Amino acid sequence: MSATDPKTTGSPAAATVDGFSAADTSDIATMSYEQARSELVETVSRLEAGGAGLEESLALWERGEALADRCEAWLDGARARLHEVRAKVAGTGPDAGSGTGPETGAGPDVG
């Protein structure tokens, strides 16, 4: 079969097209949110600009999906941390909101 043959090989989950090399996503798992987001913006810009061949476009798309997943994981973690902090500040027991916590706006005793 030639490299231009559209036949796929392998399982559907890891299907590859003969002659197509998948994007390298091995470095994404260690990226900070800012790194992943910055590269995702760049990747989307390259895809939107067009001009890339099919193989390069597919690789960019695959990498972009992995970058978006990494950003989402960071944001999910941040949401969970915020939820925990808000729960601690608001109190989680039956006396939550009783006017004794920091949510009342009362400052420290002065005087």
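1. Start with A22. A22 sits in the loop between β2 (16-17) and α1. Helices here are DSSP runs of H or I of at least four residues, strands are E runs of at least two, and both are numbered from the N terminus. At 47% relative accessibility, A22 counts as partly exposed. The cut-offs are: buried under 20% relative accessible area, exposed over 50%, partly exposed in between, with a 1.4 Å probe and protein chains only. From A22 to L60 the C-alpha distance is 9.2 Å, and the two are 38 residues apart in sequence.

2. On the basis of the model. This is a predicted model, in which local features need pLDDT of at least 70, side-chain atom pairs count only at pLDDT 80 or more, and totals for chains, interfaces and linings use all residues. Residues are numbered from 1 along each chain as its sequence is written, and side-chain values use heavy atoms, with hydrogens and water left out.

3. Confidence. pLDDT is the predictor's confidence in each residue, from 0 to 100. Its mean over the protein is 76, and 63% of the residues reach 70 or more. Among the elements, α1 has the highest mean pLDDT (96), and strand β1 (residues 8-9) has the lowest (36). Over residues 1-16 the pLDDT is below 50, yet this stretch has 16 contacts in the model beyond near neighbours in sequence. Residues 98-111 also stay under 50, with 6 contacts beyond four places in sequence. Contact means heavy atoms within 4.5 Å. Where pLDDT is low, the predicted coordinates should not be read in detail.

4. Overall make-up. The protein has 2 helices and 2 strands. Along the sequence they follow the pattern β-β-α-α. Of the 111 residues, 14% are buried. Take the contacts between residues at least 6 apart in sequence: 57% of them join residues at least 24 apart.

5. The helix pair. The axes of α1 and helix α2 (residues 54-90) come within 9 Å and cross at roughly 150°. That makes α1 roughly antiparallel to α2. Angles under 35 degrees count as roughly parallel, over 145 as roughly antiparallel, 65 to 115 as roughly perpendicular, and the rest as oblique. Axes are lines fitted to C-alpha atoms, for helices over the stretch in contact, with angles from 0 to 180 degrees between N-to-C directions. The α1 side of the contact includes Y33, L40, T43 and L47, and the α2 side includes L60, R63, G64, L67 and W74.

6. T43, on α1. T43 belongs to helix α1 (residues 33-49). Is T43 buried or exposed? T43 is buried, because its relative accessible area is 5%. A polar atom of the T43 side chain lies 2.8 Å from the backbone oxygen of E39. Neighbours within four places in sequence aside, T43 contacts L60, G64 and L67.

7. R63, on α2. R63 lies in helix α2. With a relative accessible area of 14%, R63 is buried. Which residues does R63 touch, not counting those up to four places away in sequence? They are A23, D24, T25, D27, I28, M31 and E39.

8. D69, also on α2. D69 lies in helix α2. D69 counts as partly exposed, at 48% relative accessibility. The C-alpha atoms of D69 and I28 are separated by 9.5 Å, with the two residues 41 apart along the chain. I28 is also one of the residues that R63 touches.

Key. A polar contact is a pair of N or O atoms within 3.5 Å; within protein, one must be able to donate a hydrogen and the other to accept it, and residues adjacent in sequence count only if both atoms are side-chain atoms.
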